[in-house]
Amino acid sequence: MTRAVASAIYALRGNNGILLYKNLGTNTFATEDIKIPQIDNLGIHVVAFVDINNDGWQDIYVTSYGEGKNYFILNKKGKFQNPILLEVPNTRAIVTEAASFGDLNKDGYLDFVQGNWFFGSIRYLSSKKGAETNKLVINKGLQFIEGSLAEITGPTLSTLLSDFTNDNNLDLIVGNDHEEPDIFHIGNGEGA
Ligand SMILES: [Ca+2]
Ligand SMILES: [Ca+2]
Ligand SMILES: [Ca+2]
């Protein structure tokens, strides 16, 4: 049921909110006009389907340019009209260019990492204000607790949560722009 819904709808980013494409099952797609005032004027950069509230329906995660405002749009049993919008903390960010989801602390709820991009290079920043910091967000039943990955700096273009040490605790790979090195970070299974 959930998979059918996930594969039947696609979401694309845009300069004015998002576009939803419904797969009609005949190799054709129909756009679904959804009005969400909080995001309709935002330049959207990342759009992803993810079931953030564990109800079996794929919700939509979106990131936007400028103030790093990111949201979840909750799926109401296949409908996105007048949806519940959840704002995601992303202190002082400019834009999240990559996100990766996984249950870091094994409580059944997906947590995630927001890889943030900024102008320039970390070594030439005269003062660090937070835009250069990626964020690790723990999902406590839709209460989003932001942790700063202060030592994991961008500008970041890709993130991946994956257990590359094979100890059943998710680890993190961060891919960075310019000459900054990509970083492999080993998780401890408790969200750190
Ligand atoms: Ca859901
Ligand atoms: Ca979790
Ligand atoms: Ca691991």
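How many helices and strands does the secondary structure of the chain contain? The secondary structure comprises 2 helices and 14 strands, where helices (H or I, at least four residues) and strands (E, at least two) are DSSP runs numbered from the N terminus. The model is predicted, so that local features need pLDDT of at least 70 and side-chain atom pairs count only at pLDDT 80 or more, while totals for chains, interfaces and linings use all residues. Residues are numbered from 1 along each chain as its sequence is written, and chains are lettered from A and ligands numbered from 1 in the order in which they are written.

Of the 192 residues of the chain, 31% are buried, a residue being buried if 20 or more other C-beta atoms, placed from the backbone, lie within 10 Å of its own. Among contacts (C-beta atoms, placed from the backbone, within 7 Å) between residues at least 6 apart in sequence, 42% join residues at least 24 apart.

Strands are taken to pair if DSSP finds at least two bridges between them. An open sheet is formed by 4 strands in the order 4-5-6-7, with antiparallel pairing. Strand 4 (44-50) and strand 7 (85-88) lie at the edges with a single partner strand each, so one side of each has no neighbour in the sheet. Strand 4 is joined to strand 5 (residues 59-64) by 6 bridges in an antiparallel arrangement, and Val 50 stands opposite Asp 59 in strand 5.

Strand 12 (residues 156-162) and strand 13 (residues 171-176) run antiparallel and are joined by 6 bridges; here Leu 161 is opposite Leu 172. Strand 13 also pairs with strand 14 (residues 183-185), antiparallel over 3 bridges, with Ile 173 opposite Phe 184.

Notes: A residue is buried if 20 or more other C-beta atoms lie within 10 Å of its own, exposed if 12 or fewer, and partly exposed in between; C-beta atoms are placed from the backbone. Two residues are in contact if their C-beta atoms, placed from the backbone, lie within 7 Å.
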